[in-house]
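Visitor: I would like to learn how to read a model of this kind. Please take me through it one feature at a time.

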Amino acid sequence: MKVLITGANRGLGLELVKRGLLGGHEMFAACRPGADCGQLEALGQEYEGQLEVLTLEVSSEESVRRAAEELEKREPVLDCVINNAGVLLESKYNLEDPIVNLDIDMLRKTIDVNTVGPAIVLKYFAPFLYRAAKPCILNITSEAGHLKTGLYTYLAYGVSKHGANMYTQKIRNYLAQSPEHAHTRIYMIHPGRMNTVMGKENAQIEASEAAEGILKIMEGEIDPKLEIPFINYKGEPMPY
Ligand SMILES: NC(=O)c1ccc[n+]([C@@H]2O[C@H](COP(=O)([O-])OP(=O)(O)OC[C@H]3O[C@@H](n4cnc5c(N)ncnc54)[C@H](OP(=O)(O)O)[C@@H]3O)[C@@H](O)[C@H]2O)c1
């Protein structure tokens with residue numbers, strides 16, 4: 001499969017690239033301008049012709065549009081887009097009043113990357129999927145997007161991931177109702193609490209374990225049929 005992954009230079013994104021290459025997929029690994037892409041470059045040498053590194057900033061429409069225009073000249077078809085890039089700009093140890101002490105710039109930045117980012121990426125890369133025989137969209141969201149009582153920390157992150165889930169369901173409804181796109185597989189995925197820069201406060205699993213499950217979902221080995229396709233990395237339904 002030809003696969004685009006955002007946020008591919010570290011964490012879950014990098015593990016998805018590594019496992020995808022091992023599985024024989026052709027990987028298009030996107031990182032931010034100026035990001036440390038050393039590990040991707042080394043993989044590019046090892047897997048010559050199977051890995052291409054793209055530069056894009058998911059919250060910038062101009063940056064994503066340019067990356068899509070560039071790729072289209074060489075490769076007009078993608079079988080899967082994995083919206084993985086994300087930010088968590090809060091800590092569970094910040095127990096201040098989240099109403100009067102809310103950092104508005106932080107809230108905007110979080111929503112910009114986690115909610116608006118996947119929408120920009122799909123706006124410009126969906127045409128590549130529309131040309132594929134068996135297209136697949138995997139939006140990496142989070143259990144943090146679930147409405148529930150108790151926790152009030154990670155406010156901006158929770159808002160952003162709830163929004164990303166709603167975005168995914170809206171486009172899923174559209175695709176399901178379009179005769180020419182109804183065959184598109186689309187999931188919003190909680191990847192587990194991973195031991196990455198982002199997840200270290202709550203880690204329960206390594207990113208490699210999450211990547212293994214997510215690739216099984218991509219390949220169709222795990223293919224849950226759900227009205228609301230919010231699942232974890234094992235393909236189990238998540239509460240929403
Ligand atoms: N870790 C967890 O426990 C956990 C739990 C639930 C959900 N998730 C979700 O899983 C995904 C991957 O998380 P992770 O733990 O691998 O995070 P991570 O280690 O912090 O990596 C995040 C990746 O996203 C990239 N990124 C951030 N902002 C970007 C932007 N504006 N444009 C393009 N790329 C950007 C980062 O690039 P730079 O190197 O340039 O910063 C990095 O490659 C995220 O969507 C996250 O919300 C994670």
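Visitor: Which residues have the most contacts inside the largest nonpolar core?

Guide: A nonpolar core is a set of buried Ala, Val, Leu, Ile, Met, Phe, Trp, Tyr and Cys residues joined through C-beta atoms within 7 Å. Buried means 20 or more other C-beta atoms within 10 Å of the residue's own, exposed means 12 or fewer, and partly exposed lies in between, with C-beta atoms placed from the backbone. Here the largest core has 54 residues, and those with the most contacts inside it are Ile5, Val17, Ala29, Val81, Leu138 and Ile214. Another core, of six residues, lies apart from it and includes Tyr154 and Met198. This is a predicted model, where local features need pLDDT of at least 70 and side-chain atom pairs count only at pLDDT 80 or more, while totals for chains, interfaces and linings use all residues. Residues are numbered from 1 along each chain as its sequence is written.

Visitor: What does valine 17 touch?

Guide: A contact requires C-beta atoms, placed from the backbone, within 7 Å. Leaving out residues up to four places away in sequence, valine 17 touches Ile5, Ala8, Met27, Ala29, Leu40, Leu43 and Leu51.

Visitor: Is tyrosine 240 buried or partly exposed?

Guide: Tyrosine 240 is partly exposed, because 16 other C-beta atoms lie within 10 Å. Beyond residues up to four places away in sequence, tyrosine 240 touches His146, Asn165, Ile228 and Phe230. Its C-alpha atom is separated by 8.1 Å from that of glutamate 143, 97 residues apart along the chain.

Visitor: How much of the protein chain is buried?

Guide: Of its 240 residues, 40% count as buried.

Key. Contact = placed C-beta atoms within 7 Å.
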